[in-house]
Amino acid sequence: MATCQSYQEAPQLAEQGERTISTDELTGVQALERKHPGLPLAPGKVERREFEYIRHGTRTFILSRDVASGKLVAPHAGPTRTEADFLAHLQAVVATDPTALRWHIVCDQLNTHQSESLVRWVADLSGLQEDLGVKGESGILASMASRATFLSDPSHKVVFHYTPKHSSWLNQIEIWLSILVRKLLKRGSFTSVEELQARVLAFIEYYNQTMAKPFKWTYQGKALTV
């Protein structure tokens with residue numbers, strides 16, 4: 001399977017100057033403030049948390065994880081996850097290492113991951129002068145399928161590796177997102193979206209400095225048996 005192969009080849013590609021990045025969005029993250037403080041651990045009793053909370057809005061995080069090092073790269077936070085947001089995030093990721101020969105992006109098949117703006121950006125980065133066509137009508141831009149084919153071209157400066165539909169678990173960033181939820185979001189109390197954003201970004205910085213390491217990926221892409 002192409003996705004698993006990307007993970008397998010990531011360390012060797014890193015030595016050759018190519019980066020492999022696992023990317024996804026965490027949307028609608030709520031800034032929930034507990035109305036009252038929880039009760040701490042006590043002999044014979046588990047920690048208890050207040051069940052009532054106040055809503056302070058939501059944030060969306062677009063996150064990319066370097067497969068070879070395990071570190072999060074150029075995290076993006078904001079109110080939306082538009083085509084422009086995703087492009088801005090990837091541009092920031094690529095800007096972190098101007099010397100990289102090529103970038104491999106593992107992501108799902110969301111429409112914003114196969115957009116016209118991504119095609120134009122990749123074409124520009126790769127020095128391509130060809131006519132890209134017209135979105136919805138002709139050429140490379142005609143459809144999501146034609147754009148995905150272009151974005152998956154291994155000769156480009158940025159190469160997209162799309163996970164199969166209904167297989168988001170194949171994207172390694174999903175494992176990291178579960179860590180974020182368990183370690184911070186599930187038990188947190190946030191008085192504003194600004195505090196939520198600041199604490200998520202602070203957790204990412206702490207993770208990169210103290211906890212980041214490659215995941216041991218054991219799935220080989222073979223059909224699962226029931």
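Colleague: How many helices and strands are there in the protein?

Modeller: This is a predicted model, where local features need pLDDT of at least 70, side-chain atom pairs count only at pLDDT 80 or more, and totals for chains, interfaces and linings use all residues. Residues are numbered from 1 along each chain as its sequence is written, and side-chain values use heavy atoms, with hydrogens and water left out. Helices (H or I, at least four residues) and strands (E, at least two) are DSSP runs, numbered from the N terminus. Along the sequence the pattern reads α-β-β-β-α-β-α-α-β-α-α, which gives 6 helices and 5 strands.

Colleague: What share of the contacts with a separation of 6 or more comes from residues 24 or more positions apart?

Modeller: Contact here means heavy atoms within 4.5 Å. Of the contacts with a separation of 6 or more, the part made by residues 24 or more positions apart is 69%.
As for burial, a residue is buried under 20% relative accessible area, exposed over 50% and partly exposed in between, using a 1.4 Å probe and protein chains only. Of the 226 residues, the buried share is 42%.

Colleague: Let's turn to α6. Which elements do its buried residues pack against?

Modeller: Helix α6 covers residues 193-210, and its 18 residues reach 26 Å from first C-alpha to last, close to the 26 Å expected at 1.5 Å a residue; the expected span is 1.5 Å times one less than the number of residues. V193, L196, V200, F203, I204, Y207 and N208 are its buried residues. The buried residues pack against β1 (18-34), β2 (53-66), β3 (72-78) and α5 (173-185).

Colleague: At roughly what angle do the axes of α5 and α6 cross?

Modeller: Axes are lines fitted to C-alpha atoms, for helices over the stretch in contact, and angles run from 0 to 180 degrees between N-to-C directions. W176, I179, L180, K183, L184 and L185 in α5 meet L196, R199, V200, F203, I204 and Y207 in α6. The two axes come within 11 Å, and they cross at roughly 115 degrees.

Colleague: How are α2 and α3 oriented, roughly parallel or roughly antiparallel?

Modeller: Helix α2 (residues 83-95) and helix α3 (residues 116-125) have axes 9 Å apart, at an angle of about 25 degrees. E83, F86, L87, L90, Q91 and V94 of α2 meet E116, S117, L118 and W121 of α3. Angles under 35 degrees count as roughly parallel, over 145 as roughly antiparallel, 65 to 115 as roughly perpendicular and the rest as oblique. The pair α2 and α3 is therefore roughly parallel.

Colleague: What about α3 and α4: is their crossing left-handed or right-handed?

Modeller: These helices pack at about 30 degrees with axes 10 Å apart. The contact joins E116, L118, V119, V122 and A123 of α3 to R147, F150 and L151 of α4. A crossing is left-handed if the near helix is turned anticlockwise from the far one by less than a right angle, and right-handed if clockwise. For α3 and α4 the crossing is left-handed.

Colleague: Where is H156, and is it buried or exposed?

Modeller: H156 is in the loop between α4 (144-151) and β5 (158-162). Not counting residues up to four places away in sequence, H156 touches R102, V122, S126, L128 and F150. With a relative accessible area of 3%, H156 is buried.

Colleague: One last check on the backbone. What is phi of H166 near?

Modeller: Most residues other than glycine have a negative phi. H166 lies in the loop between β5 and α5 and counts as exposed at 82% relative accessibility. Its phi is positive, in a residue other than glycine, and is near 65 degrees.
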